[in-house]
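Please have a look at the model first, and then follow the notes below.

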Amino acid sequence: MRVLFVDDEPQILRGITRMLNCTDVNWDIVTANSGQEALEILAADLAEVVVSDMKMPGMDGAELLEEISRLYPEAVRIVLSGQAEKEVVYRAVKPMHQYLAKPCEAGRLRDTIARSCSLREVLESTKSHQILGRISSLPSLPEIYRQVVTATESDASSIEYIGGLVAQDVAMTAKILQLANSAIFSPRSTVTSPAQAASLIGLDAFKALVLSLSVFQSFEGTTCKGFNISALTQHSLAVGSLSRQIATLENQSNDIVSESFTAGLLHDVGKLILAANAADVFSSANALAKADDIPLITAEQRVFGLGHDGIGSYLLSLWGLPQNIIEAIAFHHSPDLCSAQELTPAAIVYFANYLVREGEHDGDQQSEFMTLIHQLGLVDRIQSWREQL
């Protein structure tokens with residue numbers, strides 16, 4: 001894997017190179033002292049990952065990442081920066097995938113780069129990394145989007161109220177968690193809920209992100225046949241709510257309860273990604289599912305080479321969301337990959353998604369559900385979960 005580091009201070013680049021050479025990675029590390037030099041390097045030989053400083057003379061980090069996003073959307077774009085003006089940092093919010101602060105430990109830098117590319121080999125065969133690389137935000141339900149914009153324009157709105165609105169929307173939840181878990185807002189611990197994320201970001205920053213930088217956008221129609229964003233939102237909220245109820249009924253920790261709700265809300269984010277960015281492919285998958293009477297996930301794999309579970313988990317992994325949430329999105333159609341030893345958020349979301357659509361499943365899906373239920377010793381708990389619907 002080729003990794004390009006961009007910084008106008010040569011000693012920092014030398015330090016990064018020495019630091020990573022001392023770890024167990026085997027990457028082709030390339031360096032550039034300016035944004036223009038970085039673009040010349042990429043034009044000659046593309047790098048899978050670009051890690052850039054923000055404050056640089058001439059072309060700053062935000063401008064560089066914006067240009068890379070346009071020219072080489074498949075490249076993973078990471079900011080590694082010290083103190084920089086908020087205006088510059090906020091401009092990097094859309095083109096970046098993750099933001100790390102200097103100084104950064106070798107292990108964290110290595111793991112962030114490695115995790116960002118963990119599914120790249122799978123995506124290479126589908127070319128979906130090019131689609132995902134272009135995405136800076138996802139479209140929101142128009143009604144909720146308008147309410148959020150109105151709230152941010154009003155001096156009477158609180159960040160708690162705005163956080164509650166965000167928690168009703170799949171796209172805004174995904175984006176706000178990306179931002180809140182980045183070093184931009186210096187989180188002291190992993191942020192797993194949209195309300196917690198909104199509180200951390202704060203009202204002034206949230207207003208700037210919404211009103212000035214248009215970090216969120218409205219879903220204003222699509223040519224994707226078979227897709228309805230209102231139906232997706234309703235189903236996602238139902239799965240998120242039931243996931244939270246199951247985690248609470250089973251006496252899970254507050255962290256697991258929060259992760260379960262958020263993962264349930266986001267479990268079908270891959271469908272939103274496909275509908276907004278590959279409408280023709282997703283329409284074909286929907287048509288095939290109906291024509292052959294097969295699950296949509298199976299039709300997606302036949303048409304696209306990858307299902308919405310893989311698409312959604314990859315993008316949110318690229319955005320740096322918490323691992324438990326990523327795994328729940330990735331495994332919500334794969335009970336065999338959920339832990340058979342304990343009730344994880346992945347298993348909880350799988351159960352919730354199954355129960356919300358109970359009656360729509362074939363014999364194999366019912367058998368898979370019962371197998372995991374038996375493995376976890378939860379057969380006698382199913383009825384109490386159903387009562388939460």
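In strand β4, Val79 stands opposite Ser52. This is a predicted model, where local features need pLDDT of at least 70, side-chain atom pairs count only at pLDDT 80 or more, and totals for chains, interfaces and linings use all residues. Residues are numbered from 1 along each chain as its sequence is written, and side-chain values use heavy atoms, without hydrogens and water.

**Strand β4 and its neighbours**

- Strands here are DSSP runs of E with at least two residues, helices are runs of H or I with at least four, and both are numbered from the N terminus.
- Strand β3 (residues 49-52) runs parallel to β4, joined by 4 bridges; pairing requires at least two DSSP bridges.
- On to β5, β4 again runs parallel with 4 bridges, and Ser81 stands opposite Ala101 there.
- Helix α3 (residues 61-71) lies between β3 and β4 in a right-handed β-α-β unit, meaning that, with the strands pointing away from the viewer, the path from the first strand over the helix to the second runs clockwise.
- β4, helix α4 (residues 86-91) and β5 also form a right-handed β-α-β unit.

**Burial of β4**

- Because 6 of the 6 residues of β4 (residues 76-81) are buried, the strand is largely enclosed by the rest of the structure.
- Buried means under 20% relative accessible area, with a 1.4 Å probe and protein chains only.
- Val76, Ile78 and Leu80 cover one side, and Arg77, Val79 and Ser81 the other, all of them buried.

Terms used:
Buried means under 20% relative accessible area, exposed over 50%, partly exposed in between (1.4 Å probe, protein chains only).
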